[in-house]
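Biologist: Could you take me through the sheet in chain A in some detail? I'd like to follow it strand by strand, and then hear about helix packing too.

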Amino acid sequence: MKIIIAGGGKVGATLTRQLSSEGYDITIIDSKSNVVDDALNRYDVMAVQGNCAAASVLMKADVQRADLLIAATSEDEVNLLCCLTAHHLNPAIHTIARIRNPEYSRQIYDMSDVFALSLTVNPEKQSAKEIERLLRFPGFLRRDTFANGRVEIVELRVNEKSVLCGSRLNNLQQLTGCSVLVCAVLRNGQAIMPDGDFVIQNNDRLFVTAPTSNLSVLLKNLGIITRKVKKVMICGGSRISYYLAQRISQSGIKVTIIDKDPDKCLYLAQNLPKADIVCGDATDQSFLENEGLADCDALVSMTSIDEMNIIISLFGNMNNVPQVITKLDHMENSRVMSSLPLGSIINPRELCSNIIVRYVRALKNQAGAALAVHSIADGLAEAEEFRIDESAKYCNVPLKDLRLKKNVLIVCINHGGQLIIPNGNSCFEQGDTVIVVTGRRNMVMQFNDIFEV
Amino acid sequence: MNYRRIGKYIGYIWLIEAVFMLPSIMLSLADGQQAAMNSFLISMLITLSLSAVLIYTCRNAKSVFTAREGFICVGLSWIALSIMGCLPFIISGEIPRFIDALFETVSGFTTTGASILIDVERLSRGMLYWRSFTHWIGGMGVLVFMLAIAPKDEGGRGFTLHLLKAESPGPDVSKLVPHIRGTAQILYVIYIALTILDFCFLVAGGMEVFDAVCTAFGTAGTGGFGIKRDSIAGYSPYIQNVCTVFMLIFGVNFSCYYLFLNRELKAVFKDEELRTYLAIVVVSIGIITVNIKGFYPTFEETLRHASFQVSSIITTTGFATTDFDLWPSLSKAVILCLMLVGACAGSTGGGLKCGRFLLLLKTLRRQAHQILYPNKVQVVRSNGTAVPEKILQSINVYFSAYAMIIALSFIMVSVDGLSIPTNISAVISCFNNIGPGLDLAGPAYNYSMFSDLSKFTLIMDMLAGRLEIYPILILFSHTAWKRA
């Protein structure tokens, strides 16, 4: 499949890495020659230098023969024009645009027959949604939802005091008192797909599959004390902060946003009547203390500088803020980060590229494509949800009799709303949906790919 | 420095080379040449076992490949390839001395076609086939071949573009399709198709099948190893003309053929490099035909020899139908200049490349204009688009390196005390991967009279010329080997 990615910025680069490793024919368009050179040297792709909204440049990128155009430049207007032009040159093309300005969302919906966009993505809005979900269940570092929100894969960090430390996975059910399954463990920067004899150690990061309804039981039994988040401090008045404050203040959570820029503060104060807006330097620790950091249930570091966010989060952790969320734009995959107590790490462009990758896969194989794709364990593993259709092999065969590929686990079977955390005797039937976790190296595009040939 | 990764690639190269020795074994077996067959068998076993050791010890290599490692890998692979390639000659005793066998093999892989053999026809058919085959695989590049047949994830991941860049000739190598593996495959498909076409034309002209295979290999790689003492001179005029045309065809940028297949004819015919190349060919043929009037009985023969020699030299093939060393000075001067210009970028030919030559001229013109109009902002254009300054600069530097290497090699080869035309033409001829030079290095002679030092110098020249200097040059730079 031929894909054109317009704009080699943050989202563009993440997408390029992800999609080129999946073997698509990719052409990048960017106006800067160093971005183009860099893409050529790092990935197995073509690159065209120029303005991606110009027809001549799109022609150079062979838009007539492309199947999909992803416009991910930093300008909404350029993205829209790019998609419009591409559509004019090749009416059969699918287009995805990154649209960040909320002012446009309405007209894109109304003018959908003009723009003909297949999908729009908004990294900031997506991040805000994600953070909101994390705040609902403090204690988990990450939550990925499947089966219409009924099943989740949550991330937990094991510390010395935890009851989990030193226990074997076979005993997990007794410890947690509910049916859960550890689908991946991140240890020393490596993702492990564990079996029953696996022993949990200090500092492991566990990825646990559980029905959403069991999450609070799980937290309670693991001795992770949680209380409802009532007060949140957000450092940095970015667009994500705006979306986030808007969402959570509706549900009665008290929000304080701190930003250095007086104009930004004024704008936020005008548009967020329920939130407290404070103008000041969030890296100044005494300032944060004065603003009542100690009373906060959650701290969200959301400035535009990664390093600053790390410092703020470390300080929050030192002050025993129960939940810390850090936004990182560049350093999300660094192993140093996972050794620091930064709490949950949010990476807008990764969220955004996950959505697009799922769309691309669905486009590639219309039938049998994943319903949901989430990359977990720092991108080293992937969780995918599939619907079992007629083409699926081994229906009604107990799992213990199946030969799955290495590093593939079936972690949940959704049997018409009844959620089964599977054991060797479970089996799946037509019409079920199944959640599968695979190591990054396995390419699972369709459900049948999980079986050993 | 990622030695394991490089080791793994060299292991694969040897594996491919060992497989390529199979046809020679069969041929020797069919001819009943026991000694030749044994030598190929032994060489193949040695190559295979070394390759197995390398692949096994380096099996856990990291997949990261930097620009530096890419270039070092290409330089080392070619040396590794040549060392294993010369084994059959040594073991069979047909070329007993190591330096001679290495010279012959490097000359083969770099598509030079310079030979130290006094009498080619004494070699067994297996050896002749192997010699010509090295031209073919060296023409497009063995690493490109490896990228083409590599498993999908191996050939595509990471930084292998550096390999293609380092091995393919030309100032600005670009991919034809998004995947490097696909690009390598397209190049090889075009290459194989054209070689088969050439073979068919030769056989249609009544050439023996074996001769036609070897000649087609030599033409396709723009190599120039003849399997007869008098190169192509003994064959019919038809065959000579077929060779002339196909040498020119293999001297054209292969991306032109790709555009041609995609029906973008306009882009092909408007290509400035192709136009320059053809213009140089036509003008040179004209000058030489007029200049050598009277040397041959008929005008047809004059034109045939003039065009054959021009096509053979500009594409850096080095076949001959006549001894151009006997021609008047003007013709010899034209031939010597053609040696320097070389074929098109992205072809199998060597030399400075028409594309570079054209850009050098344009830069020169710009510089002259700049003196007249100091405030004028000028860009150099090629095919209508502005060429980035970075590329222009790299071409200028390349040209200086090119001149310096010629000068240095000339001095080293002159130690032997042969005539100046011999020495300078031998250096130019080897460095540009042509084969024959002038005087004692001319088409009627061979390179056996040079000393070992000169042969070594010329071997390095051939490698540097084929790989466009840098991959070989950086092997001598200590910073390349430092730990990062």
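Predicted model: local features only at pLDDT ≥ 70, side-chain atom pairs only at ≥ 80, totals over all residues.

Modeller: In chain A, six strands make up an open sheet, and reading across it the order is β3-β2-β1-β4-β5-β6. The pairing is parallel. Strands β3 (46–49) and β6 (119–121) of chain A sit at the edges with a single partner strand each, so one side of each has no neighbour in the sheet. Going from one strand to the next, the twist averages 15°.

Strand β1 of chain A (residues 2–6) runs parallel to strand β2 of chain A (residues 25–30), and five bridges join the pair.

Helix α4 of chain A (residues 76–89) lies across β1, β4 (68–71) and β5 (94–98) of chain A, and runs at about 175° to β5(A).

Over in chain B, helix α1 (residues 3–20) packs against helix α8 (residues 142–149) at an angle of about 90°, the axes being 10 Å apart. That angle is why α1(B) counts as roughly perpendicular to α8(B). On the α1(B) side, B:Tyr12, B:Ile13 and B:Ile16 meet B:Val142, B:Phe145 and B:Met146 of α8(B). Sorted by class, the contact between α1(B) and α8(B) has six nonpolar residues, with no polar and no charged ones.

Technical notes. Residues numbered from 1 in each chain as written. Chains lettered and ligands numbered in written order. Pairing = 2+ DSSP bridges. Helix = DSSP H or I, 4+ residues; strand = E, 2+ residues; numbered from the N terminus. Axes fitted to C-alpha atoms, helices over the stretch in contact; angles between N-to-C directions. Contact = placed C-beta atoms within 7 Å. Parallel < 35°, antiparallel > 145°, perpendicular 65-115°, else oblique. Nonpolar A, V, L, I, M, F, W, Y, C, P; charged D, E, K, R; others polar.
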